[in-house]
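This report describes selected features of one protein chain.

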Amino acid sequence: MKKRTLWMAFIGLAFTLSAQTLWADSNLKVSEIIRQDLRFCESTYPYDGGILVANFGSGQLDPLNAEGKGYINWYKNGKVSTLIPADGSLSAPKGMLVKDGYLYVCDVNRIVVFSLKERTARPRTISLPEGNLFVNDLVEWNGSLYASVTNTDRIFRLDISDPMNPGTPQEWATVPGPNGLLLDNGVLYVASYPADGNTRDHHVVYRIADLEHPRPEKLFQTSGQYDGIAFSSDHKALYVSNWNPAGLIRIDLQTGQATPLVLDLETPLVGPADISVSEGKIYIPDLPNSRVLVVEEPVQQQAAKGKNYRLSSHILDITRGEPAPGVKVVLSRKSGENVWTFVDEKQTDANGRISDFLPDNGKDSSGIYKLTFQVAPYFKQLGQESFYPFVEVVFEVGDAPHYHVPLTLSPYGYSTYRGN
């Protein structure tokens, strides 16, 4: 793809109007707009009690420019200072990552590494293979750095366990238009963006649950031009920025429900890029408008609001003394001799809990049920061997208003009981 075609598609997306109504609206309060010393700001990243902002600094909005005018600001306590100056080290800085005192920055076809301990040290450059022009975002897990490249549908992985001697980038996964990345507890979320400006059905948000055997699965089905992605403060939802229509959506990780978050602005949002969340606020870089919107995070709205549920569960990893998040749990009901019928499937939240099995809708839900806890992927992402590929718990639901079935878990044992 020619350079001009790619960047024209990138900026042109913001001005495309869509008549499609996706979901019900939810309003957001814009508490502050940062404009000081910003020039085509593409990315934000929480750092040391503040927020880093990556700027192109170029004469024109060109995410593939080679002008060497890129720089990174640090916004903290209402003040803007320069962390990485426009000294020729960067041209079009995008996604950032701080790890072990080093700042990794995506910059066109490379990753630039700065020492935050020795600011005067020359940065290191990690080049991507030829043709990978749109290196966009970075995440890290267990000493491996993952880098998305939007124009080649590739995610690369490299070893950064020794920051002074990083490994060679290797192709790791293929995802349509990978843009923003988000990784937690070994689960990777990928926002998909069409580099040529033509949205297709496969431009959605993806989830990769197994980093050793990456198989992208669609998190939800509505296509868009998705850029930045971040967890809500309670880790129960994702915030995702979208260029067409320009805005922000919230995806509930329990229900999969997506809701647009409406901003009350005199100057409309045009190009929401690489967002971040810190201390209850969402930082949204509006790239073409050279501003960062500071938005109060919406109050958590439970999908179950106004409803009661008869069954809940949680998983406690007793080897770590912590809840087990991100574990898939399937609920089935016995419908005949040795016959089980699927009822529901959910995933434990950041607190290892699922609170909304069996809605109390007035219908008779009594019977024999089975919870199947898919525990092997959980231990695998922790680098632990486990004896059980999954755990099944069979129980009976009767007349009581609520049943709680917890699981205490280790790699080689488990127990369960009826809780409260």
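## An open antiparallel sheet

Leu138 has Ala147, in E11, as its bridge partner. The model is a predicted one. Strand E10 and strand E11, the latter spanning residues 144–149, are joined by 6 bridges and pair in the antiparallel sense.

E10 and E11 belong to an open sheet of 4 strands, arranged in the order E10-E11-E12-E13 with antiparallel pairing. At its edges lie strand E10 (135–141) and strand E13 (170–174), each of which pairs on one side only. From one strand to the next, the twist averages 30°.

Strand E27, residues 328–336, runs antiparallel to E28, and 8 bridges join the two. One of the bridge pairs links Leu331 to Asp344, which lies in E28.

The two strands form a hairpin, with 2 residues between E27 and E28. In the turn, Asn338 adopts a positive phi of about 60°.

Is Gly352 buried or exposed? Gly352 counts as buried because its relative accessibility is 0%, against a cut-off of under 20% for buried residues.

Which residues does Gly352 contact, leaving aside its neighbours within four places in sequence? They are Ser313, His314 and Ile315, together with Pro323, Ala324 and Pro325. As for Val205, 147 residues separate it from Gly352 in sequence, and the C-alpha to C-alpha distance between the two is 23 Å.

## Nonpolar cores

In soluble globular proteins, nonpolar side chains tend to be buried together. In this model, the largest nonpolar core contains 31 residues. The members that touch the most other members are Leu52, Ile72, Leu83, Leu103, Tyr104 and Ile111. Strand E7, residues 102–107, gives the most to this core, with 5 residues. Another core lies apart from it and has 23 residues, among them Val327, Leu331, Tyr369 and Val405.

The contacts of Leu103, with neighbours within four places in sequence left aside, include Leu52, Ile72 and Leu83. Leu103 is also in contact with Ile84, Met96, Leu97 and Val98. Val112, Val113, Phe114 and Leu116 complete the list of its contacts.

Key:
Residues are numbered from 1 along each chain as its sequence is written. This is a predicted model: local features need pLDDT of at least 70, side-chain atom pairs count only at pLDDT 80 or more; totals for chains, interfaces and linings use all residues. Side-chain values use heavy atoms; hydrogens and water are left out. A nonpolar core is a set of buried Ala, Val, Leu, Ile, Met, Phe, Trp, Tyr and Cys residues joined through side-chain atoms within 4.5 Å. Buried means under 20% relative accessible area, exposed over 50%, partly exposed in between (1.4 Å probe, protein chains only). Contact means heavy atoms within 4.5 Å. Two strands pair if DSSP finds at least two bridges between them. Axes are lines fitted to C-alpha atoms, for helices over the stretch in contact, and angles run from 0 to 180 degrees between N-to-C directions.
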